[in-house]
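Look at the structure first, then read on.

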Amino acid sequence: MSALSLVALVSLVSAVFAKQWDVHPPQQQHRHWAPICSGNPTNRIRGCDRYGCGHFGADRHSGKGKHTGVDVICADGATVYAPFSGQLSGPIRFFHNGNAIDDGVQITGSGYCVKLVCIHPIRYHGQIHRGQPLGRMLPMQRVFPGIVSHIHVENCDHSDPTQLLTPDVPPFPQQDGHWSTICSGNPTNEIRGCDRYGCGYYGAPRKNGKGKHSGVDVICADGATVYAPFSGELSGPIKFFHNGNAIDDGIKISGSGFCVKLLCIHPIRYTGRVSKGQILGRMLPMQRVFPGITSHIHVENCDHSDPTGNLERGKGQRV
């Protein structure tokens, strides 16, 4: 092929590619938005806390309104990134009172329009590319102490952005069948022995001998970090005692061929996907309810079968 023919061919290919680029911008090739907050690569959505819930359509204004966006978990001061490429405009004043988190920006482009609120952008105007640093998370704890800090993400047309935030990942793999460590400080998933309140093994007597323990008790210190034993989908809350005491909380994980309930813990969130070994929450103050007991997480298979074998396989698999 002559040099002149090669130049002509390259020019033709370039023209065709440029035309396709115009019709299908780079962002359109991504079915889902990029991670918005550092430390939250899967755009996990806030669950429920004493201020409310973070999912789309959650109750607002004492049940008189609905949440028109979703709350993506983000630690105060964390770096915020653009979910897609587009044009910036702002500032966005959500609270209209000038408090410490009353700032945000709008991004329009790539077929989307979204408002990101409770962040301070690097700039309010100009072009930005998918994944480029956008700004930083504002100090939400200063305004709402104890809330799960988050970015309010709202589509300009008030539609639900949840599916765009959720990464496109394959179905849960079967993995290796071995559960990982559940509680920090207990790398082998050691099971509670016997104390004055009873024993922690599967089938131990309950209710003065009239019942049997339908799970096992994995030793875990009050306040310790709790991890997911396998990858799956979260659902909850699970109320075991049904009396609202200090340890009446928990979560169910379904996936990877397993289904298990972890009780006496407070999860970071009650819905969404979780990966094996990912931080799930924290151990609740069991000593406050049962002084002197060996503090533990109640681990119960959804079909009430014995989970001991899966827990023992966690030996040596440190998180």
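**Labels and the values behind them**

P91 sits in the loop between β7 and β8. Strands here are DSSP runs (E, at least two residues), as are helices (H or I, at least four), numbered from the N terminus. The model is predicted: local features need pLDDT of at least 70 and side-chain atom pairs count only at pLDDT 80 or more, while totals for chains, interfaces and linings use all residues. Residues are numbered from 1 along each chain as its sequence is written, and side-chain values use heavy atoms, with hydrogens and water left out.

Q: What makes the bond between G90 and P91 stand out?
A: The bond is a cis peptide bond, with omega about 5°. Most peptide bonds are trans. G236 and P237 are also joined by a cis bond, with omega about 5°. P237 lies in the loop between β20 (232-235) and β21 (250-255).

Q: Why is S110 called buried?
A: Its relative accessible area is 16%. Buried means under 20%, exposed over 50%, and partly exposed in between (1.4 Å probe, protein chains only). So S110 counts as buried.

Q: Why is strand β8 described as largely enclosed?
A: β8 covers residues 104-109, and five of its six residues are buried, so the rest of the structure largely encloses it.

Q: How do you know that β8 pairs with β7 and with β9?
A: Two strands pair if DSSP finds at least two bridges between them. Three bridges join β7 (residues 86-89) to β8. Six join β8 to β9 (residues 112-117). Both counts meet the definition, so both pairs qualify. Each pair runs antiparallel. L88 has I107 in β8 as its bridge partner, and G104 stands opposite V117 in β9.

Q: What makes a set of residues a nonpolar core?
A: The members are buried Ala, Val, Leu, Ile, Met, Phe, Trp, Tyr and Cys residues, joined through side-chain atoms within 4.5 Å. The largest such core has 32 residues; W33 and I107 are among those that touch the most other members. The largest share of this core, four residues, comes from β9.
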